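Please go through the points below with the model open. They move from the whole chain to single elements.

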Amino acid sequence: MPISLVRSATLAPTDYAYAAATGAGDRLLFLAGACPLDESGRTVGEGDYEAQAHAVVRNLTQALADGGASLRDVAFTRVLVASRDRGDLVAVWDVVRAAFGDHDVPSTLLGVTVLGYPGQLVEVEAVAALPEADSFADGGFSDPRLAALYDPLDPDRSDLDEYAAIAAELGVSSVLDVGCGTGTYPCLLAGRGLQVTGVDPAAASVDVARGKPGAEAVTWLVGDATTLPPMQVDLATMTANVAQVFTTDASWEATLTGIRRALRPGGHLVFETRIPEVRAWERWNKEHTFSSVDVPGTGRVETWNELLDVRGELVTFRGVVRLVDEDVTIPSVSTLRFRSREQIEASLVRCGFEVVEVGDTAYAPGRAWLFHARRTD
Ligand SMILES: C[S@@+](CC[C@H](N)C(=O)[O-])C[C@H]1O[C@@H](n2cnc3c(N)ncnc32)[C@H](O)[C@@H]1O
């Protein structure tokens, strides 16, 4: 689960949290003190505290990425500055603090006599915490029985009209749909003469997509945004809240980075994500979600959701599909992350996008944000 920062209502106001809590079962990453060294091992920014602080932040970010983490997974830092002058400590702190943005982790700042490398003035230690694995439990999209029922159980895809309208408005000719599932949107666009690629890690869903009328005009890939072949598309999309399946910062930012690579310079990215303040999960129970549908060839199918767990921004629920005629129940568990608008905007900027607009969705007014971003170059 994401680090949750603990603030104090009684202690002095500070620009860092007083404590950080990690989740049960998280994997802890203890990082060696990050040093201001270049690739050849030489100390950079001789005599310059701020320059060394920037180099340290760069190296810390890289070491975290090598461990599958990002600055947002850090639970604690210790900032060491070789100086007796408090002003030097503050100058270094300001650089490190700015790098963490709204993730104001608990920290210790201290002056020391000397640091290990020749000319070294700054070092930052960190501990990060990561869920054991990206906790997306695939929600049944890779189960062939559930993949075959996805469209019959959710036939109203008016949510896709908005995406199609944006593609038309932007006048794009090539589109990459990430998390395409059973491929309704790629087929819709291909039917309008666009060149479309759909990618999804759930092979069973992609198989359903391949069997649809018009599917032969689409390039289908089993994979994700990090496994794409070279391409330069005008627009990338993630429809139906795909953005929420990425439960760790590392997997979300790897996806954004992969999408950026697949876009032409100035290319567009459009996706939606539910607004956390609406607390949609409070209605994810049998009473509010039960439906019963006759599916040709399968018979009566009942479905409902059961909320299992809410921890910080992570919501885990069970989708239940019951094939009444066969007396078979197929449960599947999903974990979704409800990120704040600020977090999403900041992650887009970090991954090389500018935010063009954050709008409402016509099919669920006030319940989800529709993000439109552009690749910056
Ligand atoms: C709610 S479905 C949406 C499917 C489709 N976009 C639609 O509009 O019907 C979420 C999809 O995200 C896919 N998904 C899960 N992990 C993913 C990942 N790492 N990269 C891309 N897609 C992923 C699932 O397999 C599933 O097809």
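1. The chain has 9 helices and 17 strands. These are DSSP runs, numbered from the N terminus: helices are H or I with at least four residues, strands are E with at least two. The model is predicted, so local features need pLDDT of at least 70 and side-chain atom pairs count only at pLDDT 80 or more, while totals for chains, interfaces and linings use all residues. Residues are numbered from 1 along each chain as its sequence is written.

2. Overall dimensions come next. The C-alpha atoms fill a box of roughly 80 × 45 × 35 Å along the principal axes. Of the 377 residues, 36% are buried. Buried means 20 or more other C-beta atoms within 10 Å of the residue's own; exposed means 12 or fewer, and partly exposed lies in between, with C-beta atoms placed from the backbone. Among contacts with a separation of 6 or more, 68% link residues 24 or more positions apart. A contact is two C-beta atoms, placed from the backbone, within 7 Å.

3. Domain 1 covers 4–131, and domain 2 covers 139–277 + 338–375. The bounds come from an automatic or database domain assignment. The C-alpha centres of the two domains lie 35 Å apart. Their contact takes 9 residues from domain 1 and 7 residues from domain 2. The domain 1 side divides into 3 nonpolar, 3 polar and 3 charged residues. Here Ala, Val, Leu, Ile, Met, Phe, Trp, Tyr, Cys and Pro are nonpolar, Asp, Glu, Lys and Arg are charged, and the others, Gly among them, are polar.

4. Look at the ligand shell. It holds 18 residues, the closest being F141, G179, G181, D224 and A240. The shell has 10 nonpolar, 6 polar and 2 charged residues.

5. Two strands pair if DSSP finds at least two bridges between them. Strand 4 (residues 74–82) and strand 6 (residues 122–130) run antiparallel, joined by 7 bridges. R78 has E125 in strand 6 as its bridge partner.

6. Why is helix 5 (residues 184–191) largely enclosed by the rest of the structure? Because 6 of its 8 residues are buried. They are T184, Y185, P186, C187, L189 and A190. Their cover includes helix 3 (144–153), helix 4 (159–170) and strand 7 (174–178). Just after helix 5, G193 takes a positive phi of about 90°.

7. Strand 14 (residues 314–323) and strand 15 (residues 328–337) pair antiparallel over 10 bridges. V321 stands opposite I330 in strand 15. The two strands form a hairpin with 4 residues between them, and D327 in the turn has a positive phi of about 55°.

8. Finally, E342 sits in helix 9 (residues 341–350). E342 is exposed, with 10 other C-beta atoms within 10 Å.

Methods:
A residue is near a molecule or strand if its C-beta atom, placed from the backbone, lies within 6 Å of it.
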